[in-house]
Amino acid sequence: MNKFFKEERLCSKKSLDLLFKKGSSFLLYPYRATFIFDAQPHKFPAQVVINVAKKRYKHANDRNLIKRRTREAYRLQKQILLYEPLANKEELLLLSLQYVGKEIYPYAFLEKRLAQLFKKLLTQINNENN
């Protein structure tokens, strides 16, 4: 079941502040990922927020297109590449995906980069725990 539920979206102001103040981040072009673990009750192993800078993309339809493509790639890959490796974690992963690319890429490219981003994220999480 590849759905993107409301509970998987990061909306809480408190959680967002924590993520951007204390979270770790890395760049995997065209995304910047910021993440942190938070001890709070959760139904899913991760919550994500996807944002595209208004400064870089003035037209809302361009921002929405990028967000739509990113959400779709996330929705299709999250279960295998993110949720299964995080299944034994007690904490909730807060994740921000910021699009920092200078141009609008096709969906296939974004899907491939998001898969690479998940692998790098899991590597960084394992390195921090060891």
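## Reading the exposure labels

A residue is called buried when its relative accessible area is under 20%, exposed when that value is over 50%, and partly exposed in between. Aspartate 17, at 32% relative accessibility, therefore counts as partly exposed. Please keep in mind that this is a predicted model.

## Salt bridges in the structure

Side chains of opposite charge can pair when their charged atoms come close. How many salt bridges does a search of the whole structure find? The search turns up 3, and each is described below.

Glutamate 8 and lysine 78 join their side chains in a salt bridge, with 2.7 Å from N to O. This pair ties together distant parts of the chain, 70 residues apart. Glutamate 8 belongs to the segment before helix H1 (13-22), while lysine 78 is in helix H2 (residues 60-86).

Are these two partners buried or exposed? Glutamate 8 has a relative accessible area of 0%, so it is buried. Lysine 78 is buried as well, because its relative accessible area is 3%, and buried means under 20%.

Lysine 13 is exposed, with a relative accessible area of 61%, whereas aspartate 17 is partly exposed at 32%.

Helix H2 holds the pair glutamate 72 and arginine 75, whose side chains meet in a salt bridge at 2.7 Å, N to O. Because they lie 3 residues apart in the helix, the separation is about one helical turn. Glutamate 72 is partly exposed at 31% relative accessibility, and arginine 75 is partly exposed with a relative accessible area of 21%.

## A positive patch on the surface

Which residues gather in a patch of positive charge on the surface? They are Arg32, Lys54, Lys55, Arg56, Lys58 and Lys102.

Lysine 102, one of the patch residues, is found in the loop between strand S4 (92-99) and helix H3 (107-129). Its relative accessible area is 64%, so lysine 102 is exposed. A residue needs over 30% relative accessible area and no salt bridge to be part of a patch, and lysine 102 passes that area cut-off because its value is 64%.

Technical notes. Residues are numbered from 1 along each chain as its sequence is written. This is a predicted model: local features need pLDDT of at least 70, side-chain atom pairs count only at pLDDT 80 or more; totals for chains, interfaces and linings use all residues. Side-chain values use heavy atoms; hydrogens and water are left out. Patches are made of residues with over 30% relative accessible area and no salt bridge: like charges are joined within 9 Å, nonpolar side chains (Val, Leu, Ile, Met, Phe, Trp, Tyr) within 5 Å. Accessible areas come from the Shrake-Rupley method with a 1.4 Å probe; for residues, only the protein chains shown count as cover. A salt bridge is a side-chain nitrogen of Lys or Arg within 4 Å of a carboxyl oxygen of Asp or Glu. Lys and Arg count as positive and Asp and Glu as negative; His and the chain ends are not counted. The place of a charge is taken as NZ of Lys, CZ of Arg, CG of Asp or CD of Glu. Helices (H or I, at least four residues) and strands (E, at least two) are DSSP runs, numbered from the N terminus. Buried means under 20% relative accessible area, exposed over 50%, partly exposed in between (1.4 Å probe, protein chains only).
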